[in-house]
Amino acid sequence: PDVDDAHIVPGPTLTVYHAFEQQVNGGRVFVHTRTDPYPFVPQVTRIVRELAQDQPVEQAATLDDIRTEVLTPDRLNAAVFGLFAIVALAIAVIGVAGVLAFSVSGRTREFGIRMALGSKPTAILAGVVKNGAVIAAGGIVIGLVAGVALVRVAASYVEQVQTPGAIVVVASAAVLIVAGIVASAIPAARAARTNVIEALRAE
C-alpha cells in the first residue's frame, strides 16, 4: 500500500523498495531503549563498525528530536498566525470599546432621563453590554460569510484548500462574543454611573 514515513501529515510520496545492498544513501537503524538513548550511540556505532568497517554512522537522533524538527515549520506558522490573530482580536476589542464609548457619551441625556423615570443602573448596564454583543455577533456573521466566499475563490486557484472544522468556528465565535462583552464592560459601567442631574443638564 501507499506509505509515507517522512511526514507527520501523510501525502503523495515516491517510494521505491529494493535490496539493502542497493541502498545508495545509507539506511536506518532503530534502537529501542528504556532510558536516554544518546549514551548508547557509541555502542551502536561500535557494533555497526564490527559488521562493516567502512560503514559511516551519522545523524544519531531520537524520534522525538526528528518529530520536533519536522514540526518546526508548522509550529512557526502556528505562532505567526496566532500572533496575527491576537493583534486582530485586540483591534476588534478596541474598536468595539471605542464605538460603545462614543455611543455612551452621546446618550448621556437619554440615560439620565431613563434613570430619572425609574430605570435601574443594572438595566442601563445590561443594555450597553447587549449592544456590544450585537456588534460582535454582526461582525461574526459578516466575517463568516466573507470567509466562506474567500475560501471558494481561493479553492478555484489553489489546490487542497482546507477549511476549519465546526469546533474551530464555534470556539472562535465564542471568543469574539466574550471579547465584545468585555470590550463593552467599561462603557457600560460608565453609563450605569451616570449622574441624573448632570445628565439632564447636558446638551
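Please begin by selecting Gln59, which is exposed, with a relative accessible area of 75% (exposed means over 50%, buried under 20% and partly exposed in between, with a 1.4 Å probe and protein chains only). The model is a predicted one, in which local features need pLDDT of at least 70 and side-chain atom pairs count only at pLDDT 80 or more, while totals for chains, interfaces and linings use all residues. Residues are numbered from 1 along each chain as its sequence is written, and side-chain values use heavy atoms, with hydrogens and water left out.

Gln59 lies in the loop between helix H1 (41–51) and H2 (helices are DSSP runs of H or I with at least four residues, numbered from the N terminus). Although Gln59 is not a glycine, its phi is positive, at about 55 degrees. Most residues other than glycine have a negative phi.

Next, select Gly95, which is placed in helix H2. Gly95 counts as partly exposed, at 33% relative accessibility. A distance drawn from the C-alpha atom of Gly95 to that of Ile167, 72 residues apart along the chain, spans 26 Å.

Now display helix H2 (residues 63–106) together with helix H4 (residues 121–155): they pack at an angle of about 140 degrees, with their axes 10 Å apart (axes are lines fitted to C-alpha atoms over the stretch in contact, and angles run from 0 to 180 degrees between N-to-C directions). That angle makes H2 oblique to H4 (under 35 degrees is roughly parallel, over 145 roughly antiparallel, 65 to 115 roughly perpendicular and the rest oblique). To show the contact (heavy atoms within 4.5 Å), select Val96, Val99, Leu100 and Val104 of H2 with Val128, Asn131, Gly132 and Ile135 of H4.

Which residues form the largest nonpolar core? Select Val104, Phe111, Met115, Ile124, Val128, Ala188 and Ala191, the 7 residues of this core (a set of buried Ala, Val, Leu, Ile, Met, Phe, Trp, Tyr and Cys residues joined through side-chain atoms within 4.5 Å). Helix H3 (108–116), H4 and helix H6 (185–192) are the elements that give two or more residues to the core. Finally, centre the view on Ala191: leaving aside neighbours within four places in sequence, Ala191 is in contact with Val104, Phe111, Met115, Ile124 and Val128.
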